[in-house]
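Morning, everyone. I have one structure to walk through, and I will keep it brisk. Please have a look at it first.

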2 protein chains.
Amino acid sequence: MKKIEVGLLGLGTVGSGVLQMIRNNEDKVANVTGSTLEVKKVLVKHPERHQDVQQTVKLTTEINDIVNDPDLQIVVELIGGIHPAKEYIETALRNHKNVVTANKDLIATYGPELVKLAHDNHCDLMYEASVAGGIPILRTITNSFSADKITEVKGIVNGTTNYILTQMGQRGWSYEQALTEAQKLGFAEADPTNDVTGKDAAYKMIILSQFAFGTQLGLNDFAVTGIDNLSAFDVHQASQFGYVIKLVGIARVIEDGVFVEVAPTLVPNDHPLATINNEYNAVMVTGQAVGDTLFYGPGAGGLPTANSVLSDITSVTKNLVLKTNGNFFNNYQRRYIPAPADEVIYPYFLSITMPDVPGQMLKLTQIMTDIDASFSQITQTEADGMAHVVIITHGMNENQLQEFKNRVKDDSTIKLGAAYKVLK
Amino acid sequence: MKKIEVGLLGLGTVGSGVLQMIRNNEDKVANVTGSTLEVKKVLVKHPERHQDVQQTVKLTTEINDIVNDPDLQIVVELIGGIHPAKEYIETALRNHKNVVTANKDLIATYGPELVKLAHDNHCDLMYEASVAGGIPILRTITNSFSADKITEVKGIVNGTTNYILTQMGQRGWSYEQALTEAQKLGFAEADPTNDVTGKDAAYKMIILSQFAFGTQLGLNDFAVTGIDNLSAFDVHQASQFGYVIKLVGIARVIEDGVFVEVAPTLVPNDHPLATINNEYNAVMVTGQAVGDTLFYGPGAGGLPTANSVLSDITSVTKNLVLKTNGNFFNNYQRRYIPAPADEVIYPYFLSITMPDVPGQMLKLTQIMTDIDASFSQITQTEADGMAHVVIITHGMNENQLQEFKNRVKDDSTIKLGAAYKVLK
């Protein structure tokens, strides 16, 4: 039986998981791919910290030991971050090594460039683990929707924020309380910025959009709102209306364009995304023919992510056996056209504070009338002489929303605390 | 660009959907596969009934027109049933045509034989649409869990029964009422036997087990219980305990064996499978590394099923371009060993009727004590001098359950109406 030798860059949680899974499932991999896999070398910063594996695998601190080793056919990049991961992958590809990576920042930012380099060198470049940890979503979109027109991909693609939001919703905690607890339990990092500002989810939506629509977006092409300004009051008000607030990434075909956004969003309690809790992720793919489908699983974690890395490694291995490496992971290509703002229509949850005096509500309803928008649900509560008005509107387009924000800004008495989209 | 010509057997709901999707998504298919697809000939019984497509495709009533046409590279079988579908597929494969089918009865029964024939003739044989209509579950198991050890596959894989059970649960209807309504709305066939007895779900579990565990089961290897004896009373009692009753197919690794069953099963309200309603299907795949994942989508219907057929057709097309046809759709093989009965442990829902007289409950508790089983929840209601006792037990193994059934049978006063497994 043919032996495929693998070089690993990085030996953190995911790297250790990959090493462990290759060993534990040797027979099944052999059964399925017709080859055996062996991790020959691992790039680490501190070899002395990995005494436990030193007997079975060669540890090295020198990247050239791996990318220049002619025996290695697959290089797995798990060090994360953009530099030097990008340069390592480039060298590996130029040396005709197939590459598997879990690096979403890198793929979202330099994906097309690296994909081209892989193709030019007749090598595979796969990155299933870069989106939604253990959910095999990229390969599924590529293989199982290839003849359908996908009209929307939306979902909960960040486990840290979903954990925080679940705790806020279920325990009535503030954002700060929930974040502290999440950090204590290891669901949030010491510096949670990339997660809580929505940047991590945005990277994933860039990759998902590429797979679903063939478009290549940049971080500046769409609006990203995190959960770091979400108030416990709004979470409570939403629940009174029958909704949970989730950080939802939406990528949706509207007219000839694509609308993409990451933002706190109200999800009705009976919607499949409403029951996705804690660190779990879910991606809903809607196809013109197939309708709604949903893929659910752990969004992060060493072994679930390692499993996605291994699905890439075994795909590369099958290609090595068949000598079919160098084809695109996903080769659907289409130009990105932003959706027209007046066709992006959603109901909104508006959270407003204003003095509790006669005439205020009239002002608010006047603005809504002027912009041709209307209320679906409204409640008013009072505290400290201020009125808290929470509204769910009927469908409004992006221009109407902007106009509403401008009008409220012009009025010194009305303060708009939040404006979140509402899913149906 | 290379043109791939396709022959279609059957032009019912799914066949028409396939024809329509190939035409509507011509550009995307070309973009993804690098080839154009053209349906050249369709086998139909009554050409006069398909005037609408006669202008664009050749209709024929003669199978040899298709299987002997040297230009056709893919034959898509959508006539259903075992004969003559089996013979048509065999001839097509012997004539070196790649075959795509949605025929679960055929694949569950003669899968290994047909798979071997395809392999011997260097042809593809794919059947994604044979399980769970629009959910791309087979390809996902093959591609995305190839290095993980799957420990369980369970789910709701029959849309007709799930529609009936949803209506019974939500409206308090009897089985007969719900079935009649389902037939009226087209969710159940005039003769619903295969669906309501669990046979259809059993076929799907055979195919899922093969993909998950590499085992080849027959219909006689495991217990199949339908919903045709389910009472509205038990559905109501289950809901009082916080459960919904679903027809669940389970295939689970226990010790060195595999336990497989299709039966009405109690699912807790907060379990992901509890919210799968009406004609929707969902399959939960649990891997040792990845943990719980769930795949949800329409379980039947012309276009969703056509989408799965097309994912096969485009996979075959990619293989034609790469000249890599003839590899197994799934080549994981392992001998089937039934799980030991005393290790198959579940809590049970027991629905019992007995005379409402002193000493009866003592008899029942004595039996439970004798077989070393215990109650977790119990309620007793009364009607017409009879006591209805509903119990949820702690975990019991299959031998204990059998012993309980035997003891109850020996006692002429205690009638066991139902014994359903309870999921956690």
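Start with one pair of side chains, A:Glu181 and A:Lys184. They meet in a salt bridge, at 3.9 Å from N to O. How far apart are A:Glu181 and A:Lys184 along helix 8 of chain A? They are 3 residues apart in that helix, which runs over residues 175-184, so about one helical turn separates them. Over all chains, the count comes to 40 salt bridges. Keep that number in mind for later. And a caution before we go on: this is a predicted model.

Now the layout of chain A. The domain assignment gives three pieces. Domain 1 takes residues 2-133 plus 302-322. Domain 2 covers 137-298. Domain 3 covers 341-422. How many Å separate the centres of domain 1 and domain 3 of chain A? The figure is 51 Å, taken over C-alpha atoms.

There is a record to set beside this. UniProt, in an unreviewed entry, lists residues 349-424 of chain A as "domain: ACT". Over those residues the chain is 32% helix and 45% strand.

Next, the two chains together. In general, two copies of a chain are related by a rotation about an axis and a shift along it. What are the values here? A rotation of 180 degrees superposes chain A on chain B, with 0.0 Å of shift along the axis and an RMSD of 0.0 Å. The two copies are therefore related as by a two-fold rotation axis. Which residue of chain A comes closest to that axis? A:Phe295 does, with its C-alpha at 2.4 Å. The same surface serves both copies: 100% of the contact residues of chain A recur in chain B.

On to the interface itself. Here 44 residues of chain A are in contact with 44 residues of chain B. The area buried between the chains is about 4,000 Å². Carbon and sulfur atoms give 54% of it. Three residues stand out on the chain A side. A:Lys28, A:Ala147 and A:Tyr296 supply 16% of the area that chain A buries against chain B, more than any other three residues.

Polar contacts are another matter. The interface has 14 residue pairs in polar contact.

Which elements of chain A give two or more residues to the side that touches chain B? They are helix 2 (26-33), helix 6 (137-144), strand 12 (291-298) and helix 12 (302-322). Helix 12 gives the most, with 8 residues.

Last, some backbone details. The peptide bond from A:His83 to A:Pro84 is cis, with omega near 5 degrees. Where is A:Pro84 found? Look in the loop between strand 4 (72-77) and helix 4 (85-94) of chain A. Chain B has a cis bond from B:His83 to B:Pro84, with omega near 5 degrees. B:Pro84 lies in the loop between strand 4 and helix 4 of chain B.

One more from chain B. B:Asn278 is not a glycine, yet its phi is positive, at about 55 degrees. You will find B:Asn278 in the loop between strand 10 (257-268) and strand 11 (280-287) of chain B.

Methods: Residues are numbered from 1 along each chain as its sequence is written. Chains are lettered from A and ligands numbered from 1 in the order in which they are written. This is a predicted model: local features need pLDDT of at least 70, side-chain atom pairs count only at pLDDT 80 or more; totals for chains, interfaces and linings use all residues. Side-chain values use heavy atoms; hydrogens and water are left out. UniProt positions are given in the numbering used here, feature names are shortened, and annotations may be inferred rather than shown by experiment. Helices (H or I, at least four residues) and strands (E, at least two) are DSSP runs, numbered from the N terminus. Domain bounds come from an automatic or database domain assignment. Copies are superposed by least squares on the C-alpha atoms of residues with pLDDT of at least 70 in both. Contact means heavy atoms within 4.5 Å. Buried area is the accessible area (1.4 Å probe) that two parts lose on being put together, summed over both. A polar contact is a pair of N or O atoms within 3.5 Å; within protein, one must be able to donate a hydrogen and the other to accept it, and residues adjacent in sequence count only if both atoms are side-chain atoms. A salt bridge is a side-chain nitrogen of Lys or Arg within 4 Å of a carboxyl oxygen of Asp or Glu.
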